[in-house]
Every structure is written in C-alpha cells, then in structure tokens.
Amino acid sequence: MSANIGEIIREIRKVRKMTQEQLAKNICSRREIIRIERGQHEPSPHLITSLSQKLNFDLQSCYLKLTFGTSLESYTLKLSLYSAIENQDISSIIDLISKVEALDEFKEGENLQLLYYAKALYYSSFKNNFDASNTYCLLGIQVDNARFSLETMDLRNLSHESYVLLNILGYNYMHLEKYNIACKIYEELLNILRTYPILSYNPYYKYSDSDRSLFQIICLNLSTVKYKIQNFEEALNFITEGIDFALKQHSLKLLPQMLIKKFCILCNLTRFEEAKIIYTECYYLLKLTSEENLLWELKDNYKKFFIDSKN
C-alpha cells in the first residue's frame, strides 16, 4: 500500500541525504513526494520507475512485493486494465471495470483514478457520451486535488494520470463544440508540460512512451481546435511544436497524423508549395509504415485542396 512504499522512499531518500525538493526535481512536484511519504497518495508505476532511477534503488521490486502482499488479484487486474486501455479493447475494458469496482483496493488512490480513467475513456471514445466522460475526468483529477475545477485550472501539483484525463476532457469539449473551454484546457496543459521533465532532453532520463505521446497529442489536439475555429496561424505553431518534439525525441508514432494536420493548415494558409513538401514527406512515411487508413486520409485531403478546389 502507499503508506509502506512511502516509508521506504522516505528512508532511502534520507540515506541518500536528499531533500524532498531534490528528489522531486525533474520528476514531479515536491507536494507529490510529501503526499507519497505520508501515505496519502499512491505513486504510479511510471513515477516509481523515475524515483528508482533517482535514488539508485529498486523500488519497483519493493512495490510489487507490497502489492502482492495485499492483493495479487488487484495488481493483475490493474495491469490488465492498463493493457486494455492502451489497446483500445472495449470489451475487455467493460469487463474489467465491472470486476475492479467490486474490490476495496479500487476505492481510493491511484487505483480509483485508473477506474475513473477507464470510465472516462469508455464514455468518450465508445459511447460518444461526452458529458458522462467529463464527469469521470473531473472525478479522476480530483483524486489528486479535491479542489480542482475548470475555473481555477491549477495544474501544478497533478500527476501524469491527471494530465491524461485533462487531455480527454479537452477532447470532449472539442466534440461538444465548446471550443473556448477546450482551448483553455489544452493551452494550460501545454504550458505545464513545457516545464515537465520530458522536455529537458536529459540523456540519462528514460522517458516512457506515454510521456512522449502525451505532449504530441496535446499539440495535435490544440492545433485541431485552432483549425476548427479557423485560427490557422496558431494551429500551425502548435502542430510545428509537436512535430519538432517528435523528431527530437525520436518518437514517431504520431508523426504522420501531425504531418497530415500541417498539410491541411498550410493549404488553408494558401502556402501550397510548403504543403506539397509536407505531403511528399508524409506520403513516403506512410508507405514505409503501411498505414493505409492514414494514407487514404492524406490522399483525400490532397484531392480536396488541389483537385476539387480547381473544378
């Protein structure tokens, strides 16, 4: 449980003669370290990995032993739910939600936040019930900060999981055509992520794929919102930032989608020569990756701007 792992983190930190602020630097907030050490917050697997590297101590093994000591079933279900979410396996997500809701271990902390995340994703991506999804997004964020609201938008002491929930929240408001709220969420989120460790390019820090993807997704979604309200210059700035980050971090999974977005933006700005260059780069990238759906999307957009518009 969090109190036990928190005690271990505190003792190892003291042995290493580190302050809470030093331990938190480039990883999370000092407030999050304080809450973990007091047993008020359960660290995510990603955070445990980062703290292990900073402390030069295998916290992962300790955490697994502590988790197994309380409930092997709970830990197995947690891993299964993470996997189902990552693979967008809707039937597994529904099945796992019903199972974890019956367990006491999912009544608080990180486990409860994961449950809210699964429900938020289910209602947003598979049911198109964006209002219901928003409710679970806010509940999940409030696991980190009970006072969080869209009015205050204080993102300073939130966990990585809350940032993911904020991304879903922005996505929902975009589809509800409440673009001002979506812009506010994404802009505040991007501002905080610009100070996040993923942007330090520290060669000794092992960034997770979720870290890299989150920044790119925010840039892509914010660019999409700006595109929808026809603010093409700002849309171009945000998508370019996402593309530059992807190239620097060698994280190319979302690069084709961002290039397609940049192509459309440049066409709307009547910068057709630049758009053709982006089209060519994206075309050959998609040929290499065999992503047929995205290739058809790219071709359709080319037809829209360069063929249909001339007829």
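How are H14 and H16 oriented to each other, roughly parallel or roughly antiparallel? The first legend answers this.

This is a predicted model, with local features needing pLDDT of at least 70, side-chain atom pairs counting only at pLDDT 80 or more, and totals for chains, interfaces and linings using all residues. Residues are numbered from 1 along each chain as its sequence is written, and side-chain values use heavy atoms, without hydrogens and water.

**View 1. Helix H14 (residues 255-268) meets helix H16 (residues 292-306).** Helices are DSSP runs (H or I, at least four residues), numbered from the N terminus. The two axes, lines fitted to C-alpha atoms over the stretch in contact, come within 10 Å. They cross at roughly 5 degrees, on a scale from 0 to 180 degrees between N-to-C directions. H14 and H16 are therefore roughly parallel (angles under 35 degrees). Contact (heavy atoms within 4.5 Å) involves Ile260 and Phe263 of H14 and Leu298 and Tyr302 of H16, among others.

**View 2. Helix H8 (residues 109-126) packs against helix H9 (residues 130-144).** Their axes come within 8 Å and cross at roughly 165 degrees. H8 and H9 are therefore roughly antiparallel (angles over 145 degrees). Contact residues include Leu112 and Tyr116 of H8, and Tyr136 and Val143 of H9.

**View 3. Helix H7 (residues 90-100) has four named buried residues: Ile93, Leu96, Ile97 and Val100.** Buried means under 20% relative accessible area (1.4 Å probe, protein chains only). These residues cover an arc of only 110 degrees around the axis, taken from the directions from the axis to the C-beta atoms, which puts them on the same side of H7. An α-helix has 3.6 residues a turn, so residues three or four places apart point the same way.

Definitions and conventions
Buried < 20%, exposed > 50% of the residue type's maximum accessible area, 1.4 Å probe, protein only. Helix = DSSP H or I, 4+ residues; strand = E, 2+ residues; numbered from the N terminus. Parallel < 35°, antiparallel > 145°, perpendicular 65-115°, else oblique.
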